[in-house]
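Please look over the sequence and the structure shown here before reading on. The briefing that follows starts with one pair of residues and then goes on, topic by topic, to the rest.

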Amino acid sequence: MNNEANSQLRDLYAAWSTLDAKHQPNYPAPEELEAVVDYLRTMPPLVFAGEADKLTSLMARASQGEAFVLQGGDCAETFETATADRIRSKIRTILQMAVVLTYGASVPVIKLGRMAGQYAKPRSNATEVRDGIALPSYMGDAVNGFEFTPESRTPDPRRLIEMYQRSATTLNLIRAFTAGGFADLSKVHEWNLGFASNPAYKRYNQLAGEIDKAMKFMEAAGANSESLRTVDFYSSHEALLLNYEHAMTRVDSRTGNLYNTGAHFLWIGERTRGINDAHVEMLSRIHNPIGVKLGPNVSADEVKALIDKINPEGKAGRLTLITRMGAQTITEQLPPIIEAVQRDGRPITWITDPMHGNTISASNGYKTRRMSDVVKEISEFFTVHSEMGSCPGGVHIELTGDDVTEVLGGAEEIFEDTLSTRYETLVDPRLNHQQSLETAFLVSEILRETS
Ligand code: TRP
Ligand code: MN
């Protein structure tokens, strides 16, 4: 690496490391962390600057209604479940949803996995107490183990190396699946027909039938291009662990700009978006497309400050605001934020996260969500944006490709007393395969009405 590149990385480090960095693990041996970071810096990038730029221009299209974003995946990936089977079913679910959404929106759907790096979680309490014993909270596999023992819960920097390796193998599999025939449109469509033929989903039969007709028309007309067989699939995760994100940040030799090469898209969480804090500082200096999560208490001034800091020049696609207001409050909380953005004038890509404002405790103690709330928040998101002449650009969903029972509701209904059947998440409840598809059909119906 040349001196110029070295000095840019030193400047970056100096800029964020002197600021308040919230939700960072407390490593018992800082020198071990340093060794890990030095090692990670020698590892090859997982993504390239040109790919991140391409995603920025796609996100720009989504800011204008010319594309729609589907961002989905686990609340937290785990090392144990980063297996071929689980990854395949997650990709399959996202692709199936994408077909339905493409039809509904009549614009390209940007497939953005909450995958290949989503290994770290901020927690509301730094410690967890069980039977009078206090240990560090589980912060995701990148930080510590879920098992409630002192050994497992003590943050271990070597886990960052496994995060890198699991991200690399996951992304490799994603690239193989999405280019190697698995993403063929007609095959994905057949899976959807299988789903809609289940009597529980007869409501979606008509839409599936319409898509089938469109497919047959394309076939008859000889539409047979390479683009029907492959998809571009992008990776994203919350940029939480700043030492890891710093190690993955590199200088692009072509432009001399800084890029985070650990994922195509990175977002800043609701808990770490302080305007003078380290996370915002770091991400404001890298050239990937950036997201910021906004909860119901965000103010118009904060949003304006975030735009000033992260997208001062108003480049379309650079900044995505992912709102997570809650189904009950979105109609009150979202309009003033949209208004502030409209007054400002610089472009924003708007995504709804209908998961995190709708987390509840079931009467039997399970952390869950109601699918009806998820769908309600999405639907209100569309209504509010269209009433205000603003562009609803996409959805951010916590999902898995497996038949888990973590979220209440759905046509094959999950009830409070069936949550225990297959509740596997270590953090937040995810829509299962069927609930995810059902959501895609419902959103597709909304998209058709509004577009
Ligand atoms: N390449 C196109 C796209 O990504 C069409 C396509 C092929 C597609 N396979 C797909 C769309 C699977 C959604 C899902 O949009
Ligand atoms: Mn979550």
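## A strand pair and its surroundings

Leu321 has Trp350, a residue of strand E11, as its bridge partner. The model is a predicted one, and the points below should be read with that in mind. Strand E10, made up of residues 319-323, pairs with E11 in the parallel sense over 4 bridges, and both strands belong to a barrel that 8 strands close in the order E1-E2-E5-E8-E9-E10-E11-E14, with parallel pairing.

**Strand pairing around the barrel**

- In a sheet, strands pair through hydrogen bonds of the backbone, and the pairing can be either parallel or antiparallel.
- Strand E2, which covers residues 109-113, pairs with E5 in the parallel sense over 3 bridges, and here Lys111 stands opposite Phe233 of E5.
- E5 also pairs with E8, again in the parallel sense and over 3 bridges, and the bridge partner of Ser236 in E8 is Phe265.
- E11 and E14 are joined in the parallel sense over 3 bridges, with Ile351 standing opposite Gly394 in E14.
- E1 and E14 run parallel and are joined by 5 bridges, and Gly73 is found opposite Glu398 in E14.

**Burial of the strands**

- In a regular strand, the side chains alternate between the two faces of the sheet.
- In E11, Thr349 and Ile351 point one way while Trp350 and Thr352 point the other way, and all of them are buried.
- In E5, Phe233, Ser235 and His237 point one way and Tyr234, Ser236 and Glu238 the other way, all being buried.
- Because 6 of the 6 residues of strand E5 (residues 233-238) are buried, this strand is largely enclosed by the rest of the structure.
- Strand E14 is likewise largely enclosed by the rest of the structure, because 7 of its 7 residues are buried.

- Helix H13, residues 371-387, lies across strand E1 (68-73), E10, E11 and E14, and runs at about 165° to E14.

**The manganese site**

- Which residues supply the protein donors of the manganese ion (ligand 2)? They are Cys75 through SG, His356 through NE2, Glu398 through OE and Asp428 through OD, and these donors lie 2.1 to 2.4 Å from the ion.
- Along the chain, the donors of the manganese ion follow the spacing C-x280-H-x41-E-x29-D.
- His356 lies in the loop between strand E11 (349-352) and strand E12 (359-361), whereas Glu398 lies in strand E14 (residues 392-398), so the pair ties together parts that are 42 residues apart in sequence.
- Are these two residues, His356 and Glu398, buried or exposed? His356 is buried, and Glu398 is buried as well.

**Aromatic rings and charges over them**

- How many aromatic pairs does a search of the whole structure find? The search finds 12 aromatic pairs.
- Phe177 and Phe182 form an aromatic pair that is tilted, with 4.7 Å from centre to centre and 40° between the planes.
- Phe177 is buried, its relative accessible area being 15%, and Phe182, with a relative accessible area of 12%, is buried too.
- One aromatic cluster is formed by Phe195, Tyr201, Tyr204 and Phe441.
- Arg92 lies over the face of Trp191, at 5.3 Å from the ring centre, and the charged end of Arg153 sits over the ring of Phe146, 5.7 Å from the centre of that ring.

**A residue in a loop between helices**

- Thr18 is found in the loop between helix H1 (3-17) and helix H2 (30-41).
- Thr18 counts as exposed because its relative accessible area is 63%, where exposed stands for a value over 50%.
- Thr18 and Asn224 are 206 residues apart in sequence, and from C-alpha to C-alpha they are 55 Å apart in space.

Note on methods:
Residues are numbered from 1 along each chain as its sequence is written. Chains are lettered from A and ligands numbered from 1 in the order in which they are written. This is a predicted model: local features need pLDDT of at least 70, side-chain atom pairs count only at pLDDT 80 or more; totals for chains, interfaces and linings use all residues. Side-chain values use heavy atoms; hydrogens and water are left out. Donors are N, O and S atoms within 2.8 Å of the metal (3.2 Å for Na, K and Ca); water is not among the atoms, so sites may look incomplete. Helices (H or I, at least four residues) and strands (E, at least two) are DSSP runs, numbered from the N terminus. Buried means under 20% relative accessible area, exposed over 50%, partly exposed in between (1.4 Å probe, protein chains only). Rings of Phe, Tyr and Trp (its six-membered ring) pair if their centres lie within 6.5 Å; planes under 30 degrees apart count as stacked, over 60 as edge-to-face and the rest as tilted. A charge sits over a ring if NZ of Lys or CZ of Arg is within 6 Å of the ring centre and within 35 degrees of the ring normal. Two strands pair if DSSP finds at least two bridges between them. Contact means heavy atoms within 4.5 Å. Axes are lines fitted to C-alpha atoms, for helices over the stretch in contact, and angles run from 0 to 180 degrees between N-to-C directions.
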